[in-house]
Amino acid sequence: MLINLSNHPLKYWTKKQYDSAIELYEDVMDMEFPAIAPYATEEEIKNLANDFLQKILELNKQKNIVVHIMGEMTFSFCLIKLLQNENILCVASTTERNVYVEENGNKVSQFNFVKFRKYE
């Protein structure tokens with residue numbers, strides 16, 4: 001099973017990304033990515049990562065878990081290290097980024113899913 005721990009819930013995934021996840025991991029579930037304050041200390045990040053580790057370890061007892069983790073970098077890095085120490089595979093989604101500039105100067109980015117890639 002793939003746990004989607006990102007700011008992009010499954011309901012917003014493209015068909016290609018969802019189908020790829022099902023093909024590779026058989027099942028997918030969302031786990032809400034935490035709101036991380038920019039003034040959070042390293043200790044607070046470590047504590048939060050340990051809280052998420054415990055939640056994921058509980059789920060891993062029931063099914064073989066892979067974690068798709070994309071989000072705030074220091075939290076993600078800390079949690080990925082903890083998960084890897086438990087031999088839990090972590091993946092990122094790769095995308096092609098297309099940027100369009102509107103007439104008013106606003107940039108609009110469109111991301112097209114390509115594949116899942118292991119954190120190694």
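Predicted model: local features only at pLDDT ≥ 70, side-chain atom pairs only at ≥ 80, totals over all residues.
Helix 3 contributes the most to the lining of the second largest pocket, supplying five residues.

At least two lining residues come from each of helix 2 (42–62) and helix 3 (73–85). By class, eight residues of this lining are nonpolar, two are polar and four are charged.

**The largest pocket**

The largest pocket has a volume of about 300 Å³. Its lining is made up of S6, H8, Y12, W13, T14, Q17, H68, M70, S93, T95, F111 and F113. Two or more of these lining residues are given by strand 4 (89–101) and by strand 5 (107–118). The lining holds five nonpolar and seven polar residues, with no charged residue among them.

| Pocket | Volume | Nonpolar residues | Polar residues | Charged residues |
|---|---|---|---|---|
| Largest pocket | about 300 Å³ | five nonpolar | seven polar | no charged |

**Overall architecture**

The protein chain contains three helices and five strands. Read from the N terminus, these elements follow the order β-α-β-α-β-α-β-β. Along the principal axes, the C-alpha atoms of the chain fill a box of roughly 50 × 40 × 25 Å.

The five strands form an open sheet with mixed pairing, arranged in the order 2-1-3-4-5. Strand 2 (28–30) and strand 5 are the edge strands, each pairing on one side only. On average, neighbouring strands of the sheet are turned by 25° against each other, with direction ignored.

Strand 5 is paired with strand 4 in the antiparallel sense, and 11 bridges join the two strands. In strand 5, V108 is the bridge partner of Y100. K118 also belongs to strand 5. Apart from neighbours within four places in sequence, K118 is in contact with L89, C90 and V91. L10, by comparison, is 108 residues from K118 in sequence, and the C-alpha atoms of L10 and K118 are 19 Å apart in space.

**Helices against the sheet**

Helix 1 (residues 15–25) packs on the sheet and touches strand 1 (2–5), strand 2, strand 3 (66–69), strand 4 and strand 5. The direction of helix 1 makes about 10° with that of strand 5. Helix 3, which also supplies five residues to the lining of the second largest pocket, lies across strand 1, strand 3 and strand 4. The angle between helix 3 and strand 3 is about 170°.

**Aromatic pairs**

Across the whole structure, five aromatic pairs are found. One involves F33 and F75: the ring centres are 5.3 Å apart and the ring planes stand at 85°, so this pair counts as edge-to-face. Because F33 lies in the loop between strand 2 and helix 2 while F75 lies in helix 3, the pair ties together parts that are 42 residues apart in sequence.

Key
Residues numbered from 1 in each chain as written. Heavy atoms only, no water. 1 Å grid on protein atoms, 1.4 Å probe; cavity = no way out; pocket = protein on both sides within 12 Å on 5 of 7 lines; lining within 4 Å. Points joined across faces, edges and corners; volume = space filled by probe spheres on them. Helix = DSSP H or I, 4+ residues; strand = E, 2+ residues; numbered from the N terminus. Nonpolar A, V, L, I, M, F, W, Y, C, P; charged D, E, K, R; others polar. Pairing = 2+ DSSP bridges. Axes fitted to C-alpha atoms, helices over the stretch in contact; angles between N-to-C directions. Contact = heavy atoms within 4.5 Å. Phe/Tyr/Trp six-rings, centres within 6.5 Å; stacked < 30°, edge-to-face > 60°.
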